[in-house]
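Biologist: I am new to this one. Please show me how to read its features, step by step.

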Amino acid sequence: MTHWDAAVVGAGPAGSTTALLLARAGARVLLLDRARFPRDKPCSEYLSPETTRVLERLGGGVLDAVAAASHARLTGMKVVAPSGAAMIGRFGRFGRSGHERFSYALPRTTFDTILRRAAEAAGAEVREGVKVENLVYDRGAVGGVVARETYRARVVIGADGLRSVVARRLGGIRTSPPRRFAFTAHVSDVAGVTDIGEMHIGRTGYVGLGPIGDGVTTVALVVPARTLKERPDFFDALNRFPGLAGRFDPRRLERAVLATGPFAQWSRRSVAPGGGALLVGDAADFFDPFTGQGIYSALRGAELAAAAVIDTLTTGASLGAYARARRREFTGKWLLERVIALGIGWPALAERVVGRLARRSDLADLLVRATGNCVPARSVLAPHVLARLLW
């Protein structure tokens with residue numbers, strides 16, 4: 001039986017990036033995924049501007065591959081209130097170069113495959129079509145995973161998404177309101193699509209959309225779980241939003257509607273109590289799609305996870321440093337996401353804030369840059385800024 005330094009469960013952005021960094025550091029890495037690539041995922045398919053820096057740090061031609069495959073770029077975001085009132089915020093420009101900040105946008109089938117191949121090129125052994133079902137314990141610590149066979153590893157990394165088997169086996173999964181489901185699709189020839197991403201807030205839910213190249217737009221309908229008695233008619237639901245009515249031709253559906261949820265799920269512990277395992281990406285906590293934080297958080301979390309695992313493998317240090325690093329890195333983002341979720345679920349508040357942002361382009365830019373990870377979340381969470389959003 002082969003003993004691995006690290007077994008990574010899930011070859012999405014978080015898992016593949018963690019595997020890549022560990023393999024490059026000389027670790028023996030096994031990367032497992034239940035799917036076979038390329039595979040689709042319900043996602044906004046938006047890489048926030050700061051994600052580019054992470055991809056650049058990965059090296060190995062990853063950023064070049066993403067740039068070559070991305071035929072769409074976003075330079076800002078538009079938010080439309082239930083009444084149809086709208087604000088636009090832009091990512092701005094880099095300080096010294098003056099170059100415009102932008103975000104790449106490309107299908108997950110392409111993006112995830114780029115990262116999976118990069119992990120394999122770095123030396124990770126990739127096995128697709130492998131469903132992990134349980135964990136192996138050794139003297140109280142996690143010591144591997146069980147699939148169609150048992151894989152022993154010094155450290156297990158759970159990067160298997162919102163329905164993480166690793167997280168469930170570790171225990172401590174929590175949920176909090178609001179609980180929402182998302183329905184996503186690719187639609188071509190959507191009227192009025194530009195290089196500005198769009199978020200449309202409704203009385204019960206919201207819609208996000210943006211181009212991903214070749215005339216195709218990714219569209220995500222997000223609705224509260226309490227309103228779902230049956231699967232909604234996708235295009236009928238879109239047409240109920242003032243800023244979206246009449247912009248879609250159902251005959252131009254390019255990919256079947258995919259569903260995911262409910263969101264607002266997180267793990268009480270990102271590191272196994274007895275050691276030997278940690279969680280990264282959506283397996284650790286799931287960001288509401290409205291903020292567009294998911295992929296950046298997956299990649300940045302992978303950097304933190306890899307650093308902690310390398311330290312554990314080389315010095316025997318506890319993985320607890322990873323949990324502390326996550327708190328330092330993501331606490332502001334978690335708080336900002338919760339504040340935004342409150343506004344989405346309260347139409348009157350959404351109207352007031354969007355109205356203020358429409359009149360104050362500086363505040364609109366600040367909010368969009370914070371959600372795009374261009375500036376720290378605390379820039380928006382400061383009391384005087386929150387007060388200006390309301391009064």
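Modeller: Start with the elements. Helices (H or I, at least four residues) and strands (E, at least two) are DSSP runs, numbered from the N terminus. One case is helix α2, which is followed by Gly59, a residue with a positive phi near 65°.

Biologist: What should I know about the model before going on?

Modeller: This is a predicted model, where local features need pLDDT of at least 70, side-chain atom pairs count only at pLDDT 80 or more, and totals for chains, interfaces and linings use all residues. Residues are numbered from 1 along each chain as its sequence is written, and side-chain values use heavy atoms, with hydrogens and water left out.

Biologist: Which residues of helix α2 are buried?

Modeller: Buried means under 20% relative accessible area, exposed over 50%, and partly exposed in between (1.4 Å probe, protein chains only). An α-helix has 3.6 residues a turn, so residues three or four places apart point the same way. In α2 (residues 51-58), the buried residues are Thr51, Thr52, Val54, Leu55 and Leu58. They lie on the same side of α2 because they cover an arc of only 160° around the axis. That arc is taken from the directions from the helix axis to the C-beta atoms.

Biologist: What covers the buried residues of α2?

Modeller: Look for contacts, meaning heavy atoms within 4.5 Å. The cover includes α1 (13-24), α3 (62-69), β6 (103-105), α4 (108-122) and α7 (294-315).

Biologist: Which residues of the largest nonpolar core touch the most other members?

Modeller: In soluble globular proteins, nonpolar side chains tend to be buried together. A nonpolar core is a set of buried Ala, Val, Leu, Ile, Met, Phe, Trp, Tyr and Cys residues joined through side-chain atoms within 4.5 Å. The largest one has 51 residues, and Leu55, Phe111 and Ile157 touch the most other members. Its largest share, 10 residues, comes from α7. Leaving aside residues up to four places away in sequence, Leu55 touches Leu47, Val62, Leu63, Val66, Phe111, Leu115 and Leu299. A second, separate core has 35 residues, including Phe91, Leu162, Val354 and Val385.

Biologist: Where does Ile157 stand?

Modeller: Two strands pair if DSSP finds at least two bridges between them. Ile157 stands opposite Leu278 in β18. Strand β10 (residues 150-158) and β18 (residues 277-279) pair in the parallel sense over 3 bridges. β10 also pairs with β1 (residues 3-9), parallel over 6 bridges. There, His3 has Arg152 as its bridge partner. With β9 (residues 141-146), the pairing is antiparallel over 3 bridges. Arg152 is also the bridge partner of Gly144. A hairpin of 3 residues joins β9 to β10.

Biologist: In what order do the strands of the open sheet run?

Modeller: Its 7 strands have the order β5-β4-β13-β14-β15-β12-β16, with mixed pairing. The edge strands, each pairing on one side only, are β5 (86-90) and β16 (253-260). For angles, axes are lines fitted to C-alpha atoms, for helices over the stretch in contact, and angles run from 0 to 180 degrees between N-to-C directions. Neighbouring strands here are turned by 15° against each other on average, direction ignored. Helix α10 (residues 361-371) packs on the sheet, touching β4 (76-80) and β5, and its direction makes about 60° with that of β5. Strand β12 (residues 180-188) pairs with β16 in the antiparallel sense over 5 bridges.

Biologist: Is Gly26 buried or exposed?

Modeller: Gly26 counts as exposed, because its relative accessibility is 58%. Gly26 sits in the loop between α1 and β2 (29-33).
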